[in-house]
Amino acid sequence: MSQLIPTTELDEHDRPIVDATQHNQAVRLVKGPYQLLRRLSSGPLILLFLLAPWLTLNQAPILWMDLDRHVLHLFGLTFWPDDLLMLTWLAMGSAFALFIAANIAGRIWCGFTCPQTVWSMMFTWVEEKTEGSRNKRLKEKQKSIHQRNWLRPIIKHAAWLMMAFITGFTFVAYFETGSGLFQQVITASANHEVIFWLAFFTLLTYINAGWLREQVCLHMCPYARFQSVMVDKKTLKVSYDVDRGEPRKHKQSTSQHNKNGDCVDCQLCVQVCPVGIDIRQGLQYACIDCGACIDACDNIMSNLNLPKGLIRFSDESIHNQDNKHLPQTKNIKHWLPKNRPRLWGYLLALVISVSLFAIQILTKSDYEFHLSRDRGQLYFYNELNVSNAFTVSIQNKTSQISAFDAHVNHPDLFISGGNTLHLIPGQKASMTLTVSCKVDCPIRGKQPIEIIIKQDEKIKATLHSLFFAPATP
Ligand code: SF4
Ligand code: SF4
């Protein structure tokens with residue numbers, strides 16, 4: 001991979017975090033295929049984020065972390081603390097999917113789907129709708145405090161706070177359920193803990209998406225620091241075609257493009273960049289591969305009747321004279337993992353993680369049953385019956401109330417006493433089961449038996465043990 005410029009060595013556009021808002025609030029929005037793709041990829045994720053605490057499957061929200069009972073409800077499945085290994089495979093599979101995306105096309109997760117950039121994009125859109133275009137905002141900032149129009153910023157901040165509250169509400173609803181939290185809010189019955197977390201997430205969203213924006217990606221997110229270990233020579237990164245673009249010419253002298261490079265130095269690629277870098281200076285750690293500079297530059301190239309792709313997704317071959325005119329994104333062979341051991345490794349790890357998760361999900365039981373003999377005595381008897389005592393333990397791992405009946409599968413044996421157990425969701429409980437035979441029954445010594453556990457007349461488990469009776473009548 002070409003030399004990446006470390007974040008700490010960026011040019012003057014990479015301002016210290018205290019100046020971040022100066023650049024953030026001067027970002028110009030741009031239209032183009034990559035920005036459309038950003039909206040199309042992030043839209044369904046935003047919708048899922050907002051609806052997850054409200055939509056129910058198997059009588060529980062599709063995402064609900066029930067802290068009281070230590071249960072996670074996820075898309076109709078219920079996970080208990082002892083299912084942690086299963087969730088570990090899921091987390092590992094997600095991580096390897098992210099590594100594959102990074103190996104194929106750099107930080108596309110960051111640019112297209114990461115909540116930080118998606119929320120920043122939404123907040124920037126609100127800013128543009130309320131305060132006007134970048135130029136208008138910059139002009140407004142140059143006015144004195146008394147000359148400024150304060151109504152527009154007030155509307156903007158009110159809209160930001162509302163969006164931040166909806167985000168904070170949704171976060172908290174993952175722990176309280178959507179309807180449960182809504183009830184608490186409208187009846188003003190939320191406890192101090194819930195109010196604290198609502199305020200915390202609202203403020204965090206407002207500051208992150210409204211003020212810090214992509215400075216979080218630059219200065220706080222650890223993923224940017226180690227993503228370079230996932231890339232290889234074929235990884236696609238947003239790159240500037242130096243051979244074609246340089247030497248730059250002034251944008252007024254467009255008729256001279258044959259004698260100069262194609263870059264007219266219009267600075268649009270810098271103005272639309274959410275992290276405030278100039279991609280023409282080379283590959284940079286700060287770049288989140290959002291494609292905004294590609295859209296901006298392609299628009300300029302179209303206006304000048306020049307081929308698009310001066311800035312494009314490309315691998316190292318953008319610097320190769322034989323190959324540099326073809327955007328590699330259009331060459332399907334480029335995406336194949338031939339001669340890419342790292343990509344193969346990630347794919348293998350992904351397949352293993354997902355397979356293990358799938359196997360565990362498919363073999364996951366809703367209930368756990370356990371049968372043990374009374375260790376105190378082999379049997380006890382009276383003038384009518386010989387009896388053995390057993391303990392049946394059942395754990396209900398579903399989110400429904402469940403009832404079970406125990407039966408003994410032997411013609412000479414019967415259950416004396418209670419044989420029914422009711423369990424609320426998540427409950428683990430036991431009952432003592434007394435299995436008996438008549439004193440004159442033919443069973444002598446040791447007899448293997450089966451205890452059948454039924455739910456609504458359906459067999460849920462067959463448990464094995466031994467029944468003991470006196471060796472002689
Ligand atoms: S948008 Fe294109 S033409 Fe304009 S400065 Fe950037 S690279 Fe040059
Ligand atoms: S350089 Fe281009 S792709 Fe990279 S963050 Fe800036 S606008 Fe996005």
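By class, the shell around ligand 2 holds twelve nonpolar residues, one polar and one charged. Here Ala, Val, Leu, Ile, Met, Phe, Trp, Tyr, Cys and Pro count as nonpolar, Asp, Glu, Lys and Arg as charged, and the others, Gly among them, as polar. In total, 14 residues surround ligand 2. Cys273, Ile279, Cys287, Cys290 and Cys293 are the closest. A residue is near a molecule or strand if its C-beta atom, placed from the backbone, lies within 6 Å of it.

A word on the source. This is a predicted model, where local features need pLDDT of at least 70 and side-chain atom pairs count only at pLDDT 80 or more, while totals for chains, interfaces and linings use all residues. Residues are numbered from 1 along each chain as its sequence is written, and chains are lettered from A and ligands numbered from 1 in the order in which they are written.

Next, two helices. Helices (H or I, at least four residues) and strands (E, at least two) are DSSP runs, numbered from the N terminus. At what angle do helix H7 and helix H9 pack? H7, residues 151-176, and H9, residues 192-212, pack at about 135°, and their axes are 7 Å apart. Axes are lines fitted to C-alpha atoms, for helices over the stretch in contact, and angles run from 0 to 180 degrees between N-to-C directions. H7 and H9 are therefore oblique to each other. Angles under 35 degrees count as roughly parallel, over 145 as roughly antiparallel, 65 to 115 as roughly perpendicular and the rest as oblique. The contact includes Trp160 and Phe165 of H7, and Trp197 and Tyr206 of H9. Contact means C-beta atoms, placed from the backbone, within 7 Å. By class, this contact has twelve nonpolar, five polar and one charged residues.

Last, the sheet. Four strands form an open sheet, in the order E13-E11-E15-E16, with antiparallel pairing. Two strands pair if DSSP finds at least two bridges between them. E13 (420-423) and E16 (458-469) each have a single partner strand, so one side of each is left without a neighbour in the sheet. Four bridges join E11 (residues 402-408) to E15 (residues 445-455). E11 and E13 also pair over four bridges. Now find aspartate 405. Its bridge partner in E15 is lysine 454, and in E13 aspartate 405 stands opposite threonine 420.

Terms used:
Contact = placed C-beta atoms within 7 Å.
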